[in-house]
There are 2 protein chains.
Amino acid sequence: MMKLYELAGRDDAVRFSPYCWRIRMALAHKGLWAETIGWHFGEPGLPNGYKQVPVLVDDGEAIGDSTAIALHLEDSYQNGPSLFGGEVGLAHARFIVAWVDNVLQPALLPLVAPAVLKQVKSSAEAQFRAAREKRLGMSIEAAAQEQEMHLPAAQAALVPLRAALAGADFLGGDEPTYADYAVFGAFQWARCAGGPEMLAEDDPVYAWRERMLDLFDGLAREAETAPN
Amino acid sequence: MMKLYELAGRDDAVRFSPYCWRIRMALAHKGLWAETIGWHFGEPGLPNGYKQVPVLVDDGEAIGDSTAIALHLEDSYQNGPSLFGGEVGLAHARFIVAWVDNVLQPALLPLVAPAVLKQVKSSAEAQFRAAREKRLGMSIEAAAQEQEMHLPAAQAALVPLRAALAGADFLGGDEPTYADYAVFGAFQWARCAGGPEMLAEDDPVYAWRERMLDLFDGLAREAETAPN
């Protein structure tokens with residue numbers, strides 16, 4: 001049986017890592033099931049010496065890094081629907097993932113970090129705070145006080161996503177692909193950690209997020225969320 | 001024979017439109033040749049009442065809009081190498097094109113607009129200036145005086161491109177696709193109009209641009225450029 005180690009909150013049922021959500025959705029896309037095991041910031045105990053989640057253990061092999069895990073699933077489970085739609089689909093998806101990692105998630109971080117901080121156990125708070133505040137360039141409390149200031153930057157970051165989704169149901173076209181899961185992970189991070197709403201209901205990104213939440217019998221919609 | 005109407009400068013041999021370069025490269029990718037016809041801002045005379053270039057005339061049919069032209073080439077010339085690598089490759093490429101249109105080109109505009117202005121004929125200067133200054137939020141002269149201020153924003157916009165190209169020769173993987181041509185169009189716009197250099201030689205984007213300039217026997221490298 002596959003095991004997926006994923007980030008858990010103070011409430012162990014709250015699983016908010018954007019990278020882990022990429023893999024949760026990718027597993028469901030392939031029709032696969034994994035036992036999920038909660039892991040907290042700063043804890044030891046990940047297989048194979050990994051220091052970060054997600055880690056997937058499949059047939060005794062431990063694989064870290066979300067993109068590497070997705071590639072493993074694509075290669076090993078070719079009977080399931082494709083995550084990437086072939087070599088070019090994969091190559092183009094790498095740009096979208098790079099955009100999520102380097103633009104989207106950093107733009108959302110000031111909005112989400114205050115909520116995430118509440119999910120970090122006291123023993124790991126100092127480490128979490130130091131790493132996030134370095135990225136933020138300010139204290140998490142300062143970010144929390146200036147949510148309205150950060151919203152326009154987050155909205156601006158969404159422009160290419162909004163444009164791409166204006167003409168298609170998913171970034172993958174008629175059906176979602178790993179590119180959708182990579183982008184969706186950022187929104188599910190905000191949702192599960194109890195972050196603020198960032199989308200207006202008439203935003204094409206909102207409608208897309210609704211479609212993502214509906215996938216796989218509401219897998220993401222039914223996930224435990226921390227209180228706002 | 002195909003005809004491609006494309007934007008020309010005061011020197012008719014200078015062809016600097018980023019959208020037209022997408023199609024020049026896409027035609028070469030498919031092994032196709034078109035007669036290119038220079039058109040200047042504000043001129044009448046485009047087929048089928050189109051108001052903007054590129055316009056491709058193929059077998060008596062006039063097609064406008066660079067993405068529509070690329071899709072026409074992909075559908076009509078299936079013997080040539082694919083521009084999109086299938087349905088998912090195309091869907092993912094739409095995000096990359098949206099990023100170029102909405103993020104990359106606007107970030108480069110303050111750097112490139114002063115050079116482009118010199119290529120616009122006097123009769124169209126007022127119209128060109130009004131449209132660009134609205135997008136810039138400042139006069140073209142102000143943009144020209146603050147080139148060093150705009151360079152960091154342009155560099156920041158390149159981050160996801162740089163990350164994606166760190167692990168691959170092209171956005172399409174081992175071979176370029178239309179996604180590469182869409183991004184490259186922005187750099188060729190800067191190059192042909194005589195804009196400033198934006199890339200350091202140790203930047204993976206620089207090495208990628210060199211590869212793009214080498215494609216098709218140096219098609220883009222040998223294009224006429226305006227003086228700096």
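Residues are numbered from 1 along each chain as its sequence is written, and chains are lettered from A and ligands numbered from 1 in the order in which they are written. Because the model is predicted, local features need pLDDT of at least 70 and side-chain atom pairs count only at pLDDT 80 or more, while totals for chains, interfaces and linings use all residues.

**View 1. Confidence of the prediction.** Chain A has an average pLDDT of 95, and 100% of its residues score at least 70. Here pLDDT is the predictor's confidence in each residue, from 0 to 100. For the complex, the predictor gives an ipTM of 0.96 and a pTM of 0.97.

**View 2. The contact between chain A and chain B.** Chain B contributes 27 residues and chain A 27 residues; two residues are in contact if their C-beta atoms, placed from the backbone, lie within 7 Å. On the side of chain B that touches chain A, helix 3 (87–117) and helix 7 (159–165) of chain B each supply at least two residues. Helices (H or I, at least four residues) and strands (E, at least two) are DSSP runs, numbered from the N terminus. Helix 3 of chain B gives the largest share of this side, with 14 residues. By class, this side of chain B holds 16 nonpolar, eight polar and three charged residues. Ala, Val, Leu, Ile, Met, Phe, Trp, Tyr, Cys and Pro count as nonpolar, Asp, Glu, Lys and Arg as charged, and the others, Gly among them, as polar.

**View 3. The relation between the two chains.** The same surface serves both copies, as 100% of the contact residues of chain B recur in chain A.

**View 4. Helix 3 and helix 6 of chain A.** The axes of helix 3 (residues 87–117) and helix 6 (residues 147–157) of chain A cross at roughly 165° and come within 8 Å. Axes are lines fitted to C-alpha atoms, for helices over the stretch in contact, and angles run from 0 to 180 degrees between N-to-C directions. Helix 3 of chain A is therefore roughly antiparallel to helix 6 of chain A. Angles under 35 degrees count as roughly parallel, over 145 as roughly antiparallel, 65 to 115 as roughly perpendicular and the rest as oblique. The contact of these two helices of chain A has 10 nonpolar, two polar and no charged residues.

**View 5. Helix 1 and helix 8 of chain A.** Helix 1 (residues 18–29) and helix 8 (residues 178–193) of chain A pack with their axes 8 Å apart, at an angle of about 135°, so helix 1 of chain A is oblique to helix 8 of chain A. Residues making the contact include A:Trp21 and A:Met25 of helix 1 of chain A and A:Phe184 and A:Trp189 of helix 8 of chain A.

**View 6. Backbone details in the loops.** The peptide bond from A:Val53 to A:Pro54 is cis, with omega near 5°, and A:Pro54 lies in the loop between strand 2 (34–39) and strand 3 (55–58) of chain A. B:Val53 and B:Pro54 are also joined by a cis peptide bond, with omega about 0°. B:Asp59, which is not a glycine, has a positive phi of about 55°.
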